[in-house]
Amino acid sequence: MKLDTRAIRYLTAEDWRVLTAVEMGSKNHEVVPTPLISQISGLRGASGVNRCISNLAKVGLIAKVKNAKYDGYRLTYGGLDYLALNTFIKRKSIYSIGNQVGVGKESDIYVVADESGKQVILKIHRLGRISFRTVKANRDYLRNRNSASWMYMSRLAAMKEFAFMRILKDNGFPVPTPLDQARHCVLMELIDSYPLRQVTSIADPPKLYADLMALILRFASQGLIHGDFNEFNILVNEETQQPVVIDFPQMVSIDHANAKEYFDRDVQCIKTFFERKFKFISDDEGPNWEDVKRTGKLDIEVEASGFSKKQAKELDKYLQQITQLDQREGDEASQGVSTDDDDEQEQSDNVEEEEEEEGHSNLSQNNRDEMKNEAETPRA
Ligand code: ADP
Ligand code: MG
């Protein structure tokens with residue numbers, strides 16, 4: 001889903017209030033009934049609320065849902081994006097939105113600029129995307145879960161990523177500097193490097209290989225396993241050949257039940273890539289799980305940083321389910337079972353895919369003042 005920020009400057013203070021009300025109502029309503037939206041928004045007069053609702057629905061920030069019992073609205077990913085962006089704008093973390101630089105399985109990555117014009121990375125977590133694309137067989141399973149879960153889980157992923165990046169950065173690990181986090185979005189330093197997968201000139205593959213294996217062991221010595229340590233999540237600077245590691249929602253403790261499996265998988269990913277790409281096979285068959293010596297406990301310390309153990313468990317469970325659904329989908333696809341596009345349509349946001357605008361779309365001063373004057377908007 002593309003991020004279309006064109007409407008952001010046209011939203012009135014009332015529109016923002018109503019959008020926030022839909023978000024708040026979503027916490028315990030699958031479909032938020034119109035009277036509840038009106039009540040939470042605190043706006044007087046049904047006609048005003050209805051006008052806002054129709055404005056928001058027109059630009060795809062909320063979507064009308066006909067429930068068996070009543071009609072109402074749900075927040076779309078676009079709506080959640082706007083709320084997060086609005087928060088960043090108010091905090092002066094973002095000034096303008098630039099081009100999309102990456103589409104991951106579970107995220108969209110944009111270059112944005114802050115007040116001073118400095119470019120930074122906006123990572124928008126989109127956890128529901130994968131599971132909602134699954135085959136019919138998964139539908140009953142998915143139906144049982146709260147549709148607000150994609151918002152909640154995406155937010156947990158962003159919170160987790162931000163917490164881990166901060167503690168890793170503070171402890172001297174080569175990761176982008178985390179800058180801000182709101183809802184399902186993380187702002188971080190833009191690294192002027194490409195994923196290892198794309199870098200054409202690696203001067204000394206054995207050296208980089210050794211650096212990366214040392215890094216896996218260093219993570220582990222601090223109690224952590226990356227869990228997705230591969231050529232897409234390691235950015236390598238072509239000049240310095242220094243690696244920077246990204247993408248942390250799946251990071252686990254070395255005390256996790258599957259820790260050894262994740263550790264071995266991270267090691268194997270690097271081995272496989274270096275063998276395939278550089279025909280390099282190390283004489284040293286390690287590192288092995290037995291080589292891990294704990295000297296620190298960042299896995300414990302991170303729990304004090306605003307991302308609790310309970311939240312970690314919830315996210316972990318969800319990510320594991322997604323992986324299982326993915327595998328099942330893969331199996332069924334290879335057996336010729338078709339995926340159910342209707343289901344995807346039903347679950348995905350009602351935002352039309354638009355041509356991407358070139359360059360930065362500035363959030364006008366007008367709009368920014370309006371947002372500033374809006375301190376009393378109910379906050380989630
Ligand atoms: P996903 O979880 O979707 O895999 P990633 O965090 O791995 O998301 O980011 C996807 C891609 O976006 C990366 O492979 C990289 O090309 C780019 N990217 C992400 N973060 C940065 C960053 N801080 N600096 C530069 N490029 C980045
Ligand atoms: Mg990645």
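Trainee: What should I know before I start?

Mentor: The model is predicted, so local features need pLDDT of at least 70, side-chain atom pairs count only at pLDDT 80 or more, and totals for chains, interfaces and linings use all residues. Residues are numbered from 1 along each chain as its sequence is written, while chains are lettered from A and ligands numbered from 1 in the order in which they are written.

Trainee: At what angle do helix 1 and helix 3 pack?

Mentor: Helices (H or I, at least four residues) and strands (E, at least two) are DSSP runs numbered from the N terminus. Axes are lines fitted to C-alpha atoms, for helices over the stretch in contact, and angles run from 0 to 180 degrees between N-to-C directions. Here helix 1 (residues 13-26) meets helix 3 (residues 46-58) at about 80°, with the axes 9 Å apart. That makes the two roughly perpendicular, a label for angles of 65 to 115 degrees.

Trainee: Which residues of helix 1 make the contact?

Mentor: Contact means C-beta atoms, placed from the backbone, within 7 Å. Helix 1 brings Glu14, Asp15, Val18 and Leu19; residues on the helix 3 side include Val49, Cys52 and Leu56.

Trainee: And how do I read a sheet?

Mentor: Strands of a sheet pair through backbone hydrogen bonds, either parallel or antiparallel. Pairing requires at least two DSSP bridges between two strands. One open sheet here has three strands in the order 1-3-2, with antiparallel pairing. Its edges are strand 1 (32-33) and strand 2 (62-66). Strand 1 joins strand 3 (residues 71-75) over two bridges, and Pro33 sits opposite Gly72.

Trainee: How many residues surround ligand 1?

Mentor: A residue is near a molecule if its C-beta atom, placed from the backbone, lies within 6 Å of it. For ligand 1 there are 20, and Gly102, Gly104, Ser107, Ile191 and Asp247 are the closest. Elements giving two or more residues include strand 4 (96-103) and strand 8 (185-189).

Terms used: Angles under 35 degrees count as roughly parallel, over 145 as roughly antiparallel, 65 to 115 as roughly perpendicular and the rest as oblique. Two residues are in contact if their C-beta atoms, placed from the backbone, lie within 7 Å.
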